[in-house]
Amino acid sequence: MQNVSSNSAPPLAIAAKSLTKSYAGVRALRSGSLELLPGEVHALIGENGAGKSTLTKIITGAIHPDSGELEIFGQRITENDPNRSRSLGVAAIYQQPTIFPHLTVAENICMPLEREKSGITVDWRSRKQRAKELIQSIGANIDPDRLAGTLSMAEQQVVEIAKAIGAKARILLMDEPTALLSERETEKLFALVRRLRAEGVAIIYISHRLEEILTLADRITVLRDGETIACCNACDVDRAKLIELMVGRSIESVFPKRSVVPGEVAIEVRGLNNPEVGLHDISFSVRKGEIFGLVGLVGSGRTELARTLFGITPVHTPIILYGREVTIGSPAEAIANGLGYLPEDRRQHGVILDMSIASNITLASLNEVAKRGLLDSAREQSVAEGYRTSLRIKAPATDTVAGALSGGNQQKVALARWLAIKPGIMILDEPTQGVDVGSKSEIHELIVEFAERGMAVILISSELPEVLGMSDRIGVFHNGTIVATLSWEEATQQKVMSLAFGHEVEA
Amino acid sequence: MKAYARELAVAATILLVLALLAATTHGFFTVDNLSDLFLANVPVLIVSLGMTLIILTGQIDISVGSVFAVCSIVTGVAARAGLPVLVAMLIASVVGALLGSFNGALVAWMRMPSIVVTLASMVAIRDGLRWQTQGAWVGDLPGSFQRFGLSQAIYTVLMLVIAALLVVVFTVGLRYFRGGRNIFATGSNEAAARILGIDTNRVLFSVFAITGLLTGFSAALNAVRFNQIPSNSGIGLELKTIAAVAVGGATITGGSGTIAGTVLGVVLLGIIGPALTFLGVSAYWERAIQGLIILAAVSVNVLSHYRRRQVSHA
């Protein structure tokens, strides 16, 4: 198909070389490279946090790289921004379509295309006509007058693609486009993707579903720890090889060792279902002094389980705490039953940035620092001071506002708060996400300390080495349930990843 | 010191205005003038305390003026019916608390936006009252009604004591009660507060109920100043109180602010109007200048907030 003329090679759609990006001292991308040809489907794979989204955000101009080179259709890009990349033909389609639900399909498709046009009037007839043509050009059939909010997820994807085609996109970036689609819808989407490829569109396809990638993609680029480590032809590799490429790293940090003497069962869950958040048939137990790791892909149900246990998305089925059946209907009840929960998103659910360190630490345990209902400032300061020293929170004083601290220290403040309620069972959701290396190993030591003091710890993490290095036992999530529980001796990165991707493991 | 920068800045502005008045005019610093000014601003001060709580949770209440009008009339009607003045005040406070609770329940449990809820109650209550009273004032009040039968001087001192007490109670309450912490936590990050086991719905409901109570109470305190009660009192009270809270340094999106700041905001906005009159500036400028002060105060908030964000991202 390529017209190989006197020019030595066709220009690459994208040539990215050694791109780097750090957030607050954390390296999200160390060396991201990608070569994208026109008319190919190029899959981008890697574990959670491998740098896929950082790399794609650089391509769409949402963020600026710290260093490295980026060329789009042979044009060297130094100052990229979303408008610039769009004008070069880059369009992105995300897992959750970004449509306006109260507007019609025609409006959704045409509005962004009309931005360059002059004039202030809207030509409804031609708008509708245009939308219809675009939808037909990709072989779909959706009434342009329908409200976009009434479309199915798959139809919304089609609208997004029509929008991209209308904008004359020549590079299409698809991030987990099938995550919310049924099998039949997925088939249709693939037909559409192949059709676009035949028309010369270059497609970057991000997915966790390896089968999909192997059937659809021409080439595959693998990212690991922020680095591009391989680019291979899809026909030369298989699933096992891909998994090996994604995880095959040495465990970099040394995890603290400890001698575990697990005590009685602290928490036991039998056949828990929470259909509202997609959880089913979940059973596990954690003993005192044990660290139970939970791994799985993002959206497989790990965080949903934590939120269900903690009463944020409550269920009426009881769980068993220290041999006693309890039903937890709200976070307050969870706290009263000795549960602590360090949530995943620090900024959204964790520390209260406007408050001082001391107020943040005592917020869940105000009774401890109150006398007859009145807060005792001196006591509060001394409690906070105690945690500042023991957790090595780097801050000038305990009345410093939490928002002024680094991510790692904010996380320690959040941890201190939960320690202050003296929980018997602690759920930690991504405790080291976005935290610098130094704080990370300190947090690891703290988690070990919790367990040694007899706490039952449930550790959720997307970082496999972290979970494997820290946990006594590991539960693997796939599609809303724990598909396997492994002891730390059995758990290898390959095995865990295969299970997380939904494959059976031979005994 | 840096923590109180805002309060100090407002206090300095107040001193500047006062110094200007002392240097150039006569008659401002008389007992009569100052006590009139104080009495006229007692309702603003008391309602602002409640408004501070509401704004700390990230909400707003623009119905306080209408609630104030209703409670003023209720005080008068109850007193005219022969009830003792203190009982009349109690009834007015309860009515205020009920109206506030109504707003609060809709905001907290129905999750309706407070600006819409209180806009609706502002209009409904004010026009309901107008229809009920047909614009008539309440007169024929018993002799013991006006100033509780006290002399002007003693009444003024009593108001000073009540205002001071309330300010102290709210300052201490916000700082040293669990409820106070819960208000800050709810306004700063409601999702996080819930995970901490704080019943944020109850917090939201409470701040509206408390503000209603304060509005009713201050309406009764104010009603006894005269021997007749107008049916259209409290117009613009919502603006004055929200402005005072904003000038006092509270962020309108919730989570930060102090009672001290609000008190200073009430003082600054309270003296600026009369000060202009004394300085010979046309009264027509009063509102424009108040508006500029509010704009300046909010700009400072936004800028300092922006700077802090920059620091924490570095």
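This is a predicted model: local features need pLDDT of at least 70, side-chain atom pairs count only at pLDDT 80 or more; totals for chains, interfaces and linings use all residues.

Modeller: Two residues are in contact if their C-beta atoms, placed from the backbone, lie within 7 Å. Residues are numbered from 1 along each chain as its sequence is written, while chains are lettered from A and ligands numbered from 1 in the order in which they are written.

Chain B has 12 helices and zero strands (DSSP runs numbered from the N terminus: H or I over at least four residues for helices, E over at least two for strands). Its radius of gyration (taken over C-alpha atoms) is 20 Å, close to the 20 Å that the globule rule (2.2 Å times the number of residues to the power 0.38) gives for 314 residues, so chain B is as compact as a globular protein of that length. The C-alpha trace of chain B spans about 65 × 55 × 35 Å along its principal axes. Of the 314 residues, 45% count as buried, that is, with 20 or more other C-beta atoms (placed from the backbone) within 10 Å of their own.

Now for where chain B meets chain A: 23 residues of chain A and 20 residues of chain B take part. On the chain A side, α10 (331–336), α11 (346–349) and β18 (374–375) each supply at least two residues, and α10(A) gives the most, with three. That side splits into 16 nonpolar residues (Ala, Val, Leu, Ile, Met, Phe, Trp, Tyr, Cys, Pro), one charged (Asp, Glu, Lys, Arg) and six polar (the others, Gly among them).

Chain A also holds an open, antiparallel sheet of four strands, ordered β12-β11-β14-β15; strands pair if DSSP finds at least two bridges between them. β12(A) (279–287) and β15(A) (324–326) stand at the edges with a single partner strand each, so one side of each is left without a neighbour in the sheet. β14(A) (residues 319–321) pairs with β15(A) over three bridges, in the antiparallel sense, and A:Ile320 has A:Glu325 as its bridge partner in β15(A). Lying across β11(A) (265–274), β12(A) and β14(A) is helix α9(A) (residues 302–309), at about 70 degrees to β12(A). Angles here run from 0 to 180 degrees between N-to-C directions, with axes fitted to C-alpha atoms, for helices over the stretch in contact.

Definitions and conventions
A residue is buried if 20 or more other C-beta atoms lie within 10 Å of its own, exposed if 12 or fewer, and partly exposed in between; C-beta atoms are placed from the backbone.
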